[in-house]
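Please read them beside the sequence and the coordinates.

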Amino acid sequence: MGKGAGCFHSKKKPPPVADDAPAPTVAAAAPTPPPISPPDNARAREPDAPAREAASSSSSLPGGAKLKVFIVFYSMYGHVEGLAKRLKKGVDGVEGVEGVLYRVPETLPIEVLNQMRAPPKDDAIPEITAAELTAADGVLFGFPTRYGSMAAQMKAFFDSTGHLWKEQKLAGKPAGFFVSTGTQGGGQETTAWTAITQLAHHGMLFVPIGYTFGPGMFKMEDIRGGTPYGAGVFAGDGTREPSETEMALAEHQGKYMAVVVKKLAQS
């Protein structure tokens, strides 16, 4: 204990009391009332009661409807799209939850995309509008890096959500990120954490995966994208395909988000 600022117990001891000292005279005590049994629903008011009840409930939606996790992404060369599809597999693997794929609108003209040798977009995946985000129970945003932060196409989409921000329509919704970078120092972490500002202004709940992927997060034998912030892939010059470990991490993130969404819906 440090000197000066600490408090010390008094060294004076109370006078000893003899075992046979006469008890003080007191008025007759009122009769002790019988113990009161708690009502049958008392446990429902315990702090941990909702968690216990949630564990026994399979879905909070009526009629067997599923909770929806929107997987909203921008992908130029297909790497982020590959992760998005594997994320959906993870989401769909959780009972009562469904993953829905969306891409954000392209901002580059087709002439520029052709010069960049970008492959055509998959028409089976629809473009999303900002207003549609309100229908999601959770959102996973995916995008490639541009100098350590999200690509302009995804930023343009976030910029279009001003009307949702004004009314805080997305507040309380859980969200996460997955990314693609060209090199090992290209922004696997910074691309995700610089995007957290978007969630903060909307009042959304950032859900990182931490190290829940287990041993796969610690492997050093192979090149692997992905961080505690979310899944990731190294694209190299655009020709490198995602490894199975990177894909497995994406699937894990999808499942992890689905479980979080389900717990929040049941609380």
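1. The chain exposes about 16000 Å², of which carbon and sulfur atoms supply 59%; accessible areas come from the Shrake-Rupley method with a 1.4 Å probe, and for residues only the protein chains shown count as cover.

2. This is a predicted model, in which local features need pLDDT of at least 70 and side-chain atom pairs count only at pLDDT 80 or more, whereas totals for chains, interfaces and linings use all residues. Residues are numbered from 1 along each chain as its sequence is written, and side-chain values use heavy atoms, with hydrogens and water left out.

3. The average pLDDT (the predictor's confidence in each residue, from 0 to 100) is 83 for the chain, and 76% of the residues score at least 70. Over residues 1-59, however, pLDDT stays under 50, and for this stretch the model has 15 contacts beyond four places in sequence, a contact being heavy atoms within 4.5 Å. Where pLDDT is low, the predicted coordinates should not be read in detail.

4. The secondary structure comprises 8 helices and 7 strands, taken as DSSP runs (H or I, at least four residues, for helices; E, at least two, for strands) numbered from the N terminus. Of the 267 residues in the chain, 39% are buried, that is, under 20% relative accessible area with a 1.4 Å probe and protein chains only.

5. Leaving aside residues up to four places away in sequence, F157 touches V72, L133 and F141, among others.

6. Helix α8 (residues 244-266) reaches 33 Å from its first C-alpha to its last.

7. Q188 deserves a look, as this residue lies in the loop between β5 and α6 (190-193) and is buried, with a relative accessible area of 9%. A polar atom of its side chain lies 2.8 Å from the backbone nitrogen of G226, and a polar atom of the Q188 side chain lies 3.1 Å from the backbone oxygen of V233.

Methods
Expected span 1.5 Å × (residues − 1). Buried < 20%, exposed > 50% of the residue type's maximum accessible area, 1.4 Å probe, protein only. Polar contact = N/O pair within 3.5 Å; in protein donor to acceptor, adjacent residues only side chain to side chain.
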